[in-house]
Amino acid sequence: MSIRWARLSAKYSFLSLRDRLRDVIAQAGDRFKQVLVAESPLQIVGVINANHALLAEQAGYKAIYLSGGGLSAGSLGVPDLGITNLEDVLVDVRRIVNVSKLPLLVDIDTGFGPSAFNIARTISSLIAAGAAAAHIEDQVSAKRCGHRPNKKLVSKQEMMDRITAAKGAVGDNSFVIMARTDAIAVEGVDAAIDRAKAYVATGASMLFIEAVDDLKIYQRFADEIGVPILANITEFGMTPLYTIEQLKSAKVSMALYPLSAFRAMNKAANEVYQTIRSKGSQQSVVDKMQTRDELYQSINYYEYEKSLDRFNK
């Protein structure tokens with residue numbers, strides 16, 4: 001029995017190793033760039049955990065995202081106010097990359113500084129964990145949600161130093177460094193464009209423009225800077241819920257939906273908890289639940305079970 005269990009364990013332990021060897025041949029950053037060319041605008045959906053990464057992949061998405069706000073609230077139960085650290089992020093990155101082949105874009109806030117060494121360590125660690133790309137922002141370390149008031153920015157030069165440190169850690173890897181600017185809400189569009197030009201000149205190859213309330217602003221960034229632009233289409237924020245067609249008309253390259261599934265999941269969970277507590281049964285909300293079979297299909301349970309049965313004969 002112990003030999004059978006050892007063989008079974010080895011088989012599934014090496015699934016992730018096989019995937020990682022495949023990624024050495026086609027680095028994650030290269031795959032991110034490839035899907036960006038294949039789908040325009042590229043829809044990037046936020047995943048709160050490994051299970052949601054599987055669901056996103058099965059739904060046909062070509063790239064996925066780990067949100068800092070989602071990680072803070074979902075994994076730690078705290079606000080997105082610069083409380084999380086690098087290891088918090090890496091835990092979730094490793095879990096997601098281990099089950100999904102989709103290129104993963106990661107929110108690293110201000111880089112988990114304060115020094116260039118810290119930022120370089122962040123990028124090196126993400127590459128080792130299998131992430132494809134990261135965006136780093138120009139807020140101060142005690143950052144705020146991009147759609148909340150009273151944001152504060154570091155100087156343009158300090159943000160350029162962050163990008164320089166990040167790019168230095170990439171080396172010859174294809175990992176993508178994306179610069180996020182929150183300057184529109186703080187300094188205005190002209191200042192944000194000036195910053196974005198400097199960030200690209202320093203080494204950022206893509207731009208995340210936060211808190212945009214007019215499609216023409218996206219188009220202006222695209223026209224004046226000439227790198228792929230990401231639009232953050234988050235609910236209940238300052239940016240309207242633009243359609244893919246509208247974003248394409250404004251030359252947006254990526255449409256990000258960071259917390260859509262997470263918000264829906266939380267709403268459903270709250271309703272189920274309240275119902276069971278008030279009615280003493282979950283009978284009235286069972287139709288809103290994922291079935292056991294649907295779960296087992298998404299996590300490939302039946303294939304694991306077949307292998308278990310074979311080894312137990």
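The structure holds 20 salt bridges. The model is predicted, so that local features need pLDDT of at least 70 and side-chain atom pairs count only at pLDDT 80 or more, while totals for chains, interfaces and linings use all residues. Residues are numbered from 1 along each chain as its sequence is written, and side-chain values use heavy atoms, with hydrogens and water left out.

Reader: Why is the contact of aspartate 109 with lysine 143 called a salt bridge?

Author: A salt bridge requires a side-chain nitrogen of Lys or Arg within 4 Å of a carboxyl oxygen of Asp or Glu; the closest N and O atoms of aspartate 109 and lysine 143 are 3.4 Å apart, and therefore the pair qualifies.

Reader: What makes lysine 143 buried or exposed?

Author: Buried means under 20% relative accessible area, exposed over 50%, and partly exposed in between, with a 1.4 Å probe and protein chains only. Lysine 143 has a relative accessible area of 1%, and is therefore buried. Glutamate 137, whose side chain meets that of lysine 143 in a salt bridge (3.4 Å, N to O), has a value of 0% and is therefore buried.

Reader: How do you know that lysine 151 and aspartate 182 form a salt bridge?

Author: The closest N and O atoms of lysine 151 and aspartate 182 are 3.0 Å apart, which means that the pair meets the cut-off. Lysine 151, at 8%, is buried, and aspartate 182, at 0%, is buried. Both residues belong to a network of salt bridges that also includes Arg180 and Glu210.
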